[in-house]
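User: Hi! I'd like to understand how this protein is put together. Could you walk me through it, starting with the core?

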Amino acid sequence: MALSLTRVNRVFIQPCEPTPSVVLNLSLIDNIPVLRCFARTIHVFTHGPDAARVIREALAKALVSYYPLSGRLKELNQGKIQIDCTGEIGIWFVDAVTDVTLESVGYFDNLMEIPYHDLLPDQIPRDDDAEPLVQMQVTQFSCGGFVMGLRFCHAICDGLGAAQFLTAVGEIASGRTNLGVSPVWHRDFIRQHHRTNNVISPAVPPPFPLAFPGYKLEHLSFDIPSDLIERFKREFHASTGEICSAFEVIAASFWKLRTEAIYLRENTEVKLVFFANCRHLVNPPLPVGFYGNCFFPVKISAGSHEIAKEKSVFDVVKLIKRAKAKLPEEFEKFVNGDGDDPFAPAVGYNTLFLSEWGKLGFNQVDYGWGPPLHVAPIQGLNIVPAGIVGSMPLPKKGVRLMTWCVEETHCQLFDDLMTNKISTSNKTE
């Protein structure tokens, strides 16, 4: 889908008041090489007249408290990075308009038809190869709605941190004079000099294969109503006496059916990897308002036949719960510098990555006209089998599972397995 629009203004947005001119250190997790990328998302709002002006003014005010986001990355020896906060760069902001309505483009409900290049900011300036840490385009539609296209440097914030910043912008745009949560930098929660065996070397390149595989991953999305998820949780509790989360339900079903669809040999090892928030595991716990990266990979391995055929979905949920129970111990090892690099799991067709977006806070951001209809991620590398657990577009309630995890050969079977699982559950309701 191509979108006819006009970009009417491009500008750097800087803090509207003087801010400290300092160089700030980033945490050990911030310095992980694979985070030196930009997370890209599309946020669709059905209402918001004059949204670009309102958000632009709110950004300038929010940057007074979040001034590091208006700085730029500064690389040191051995590949470590800092943020140079001069207040002279800022957020790259593009104001665009189009004469089409959101309804005419289906509110961009179909991820494969979203014209990302049109909705994301363009002509991004680079200074010594350093880009602005936050880049935003607000496109006003003729119906009064708008779409925010966002590029956010992952080395500065994780998903929770980025959503915290956008929430602050929304509060200011809505007329609040005080932020609900004050930002806290606090990037020294893991002391790098305590790491005696070089678990993570920032100079090491990202752990992607030097020779790219020959497959291309296809996109599929599945909407799973909340009542089906709640019924599964009740059945799991009745059968095991334990409770489980919606994420565990989705992760177990997704991993099991995807493993069945790709049809590997019985003795092939398959892995599930997802990332857990660890703010509460830091000693002492990180303060409210921390907006840096603080997450840790949870990894589960098993035989392909075991996951696809031998174990029930309930059994796979138990595997996931046991792996999550080990998180405090594994995170403590990481903090103490013990073991191998946990952030460099092998990337390949047998390893499935999963991220949970529904609880990050993006879907609750309100710039004065209500929360977004939906938030859509933009696919990264199409060689990394992955899924994102998001929210169904309003007013529906449930989970939207967005996947890039199978090549064309396995696409139809995986689609059938997932669709049949959802439809069968609906019929037995």
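User: How many residues does the largest nonpolar core have, and which have the most contacts inside it?

Analyst: A nonpolar core is a set of buried Ala, Val, Leu, Ile, Met, Phe, Trp, Tyr and Cys residues joined through side-chain atoms within 4.5 Å, where buried means under 20% relative accessible area with a 1.4 Å probe, protein chains only. This is a predicted model, with local features needing pLDDT of at least 70 and side-chain atom pairs pLDDT 80 or more, while totals for chains, interfaces and linings use all residues. Residues are numbered from 1 along each chain as its sequence is written, and side-chain values use heavy atoms, leaving out hydrogens and water. The largest core has 137 residues, and those with the most contacts inside it are I42, I55, L69, F108 and F165.

User: Which helix gives the largest share of this core?

Analyst: Helices here are DSSP runs of H or I with at least four residues, and strands are runs of E with at least two, both numbered from the N terminus. Ten residues, the largest share of this core, come from residues 246-262, which is helix α5.

User: How are α4 and α7 oriented to each other?

Analyst: Axes are lines fitted to C-alpha atoms, for helices over the stretch in contact (heavy atoms within 4.5 Å), and angles run from 0 to 180 degrees between N-to-C directions. Helix α4 (residues 226-240) and helix α7 (residues 313-325) pack at about 85°, with axes 11 Å apart. Angles of 65 to 115 degrees count as roughly perpendicular, so α4 and α7 are roughly perpendicular.

User: Which residues of α7 make that contact?

Analyst: On the α4 side, the contact uses F232, E235, F236, S239 and T240. From α7 come V313, F314, V317, K318 and K321.

User: Which strands are the edges of the six-stranded open sheet?

Analyst: Two strands pair if DSSP finds at least two bridges between them. The sheet runs in the order β9-β15-β14-β12-β10-β11 with mixed pairing. Pairing on one side only are the edge strands, β9 (217-225) and β11 (295-303).

Key. Buried < 20%, exposed > 50% of the residue type's maximum accessible area, 1.4 Å probe, protein only. Parallel < 35°, antiparallel > 145°, perpendicular 65-115°, else oblique.
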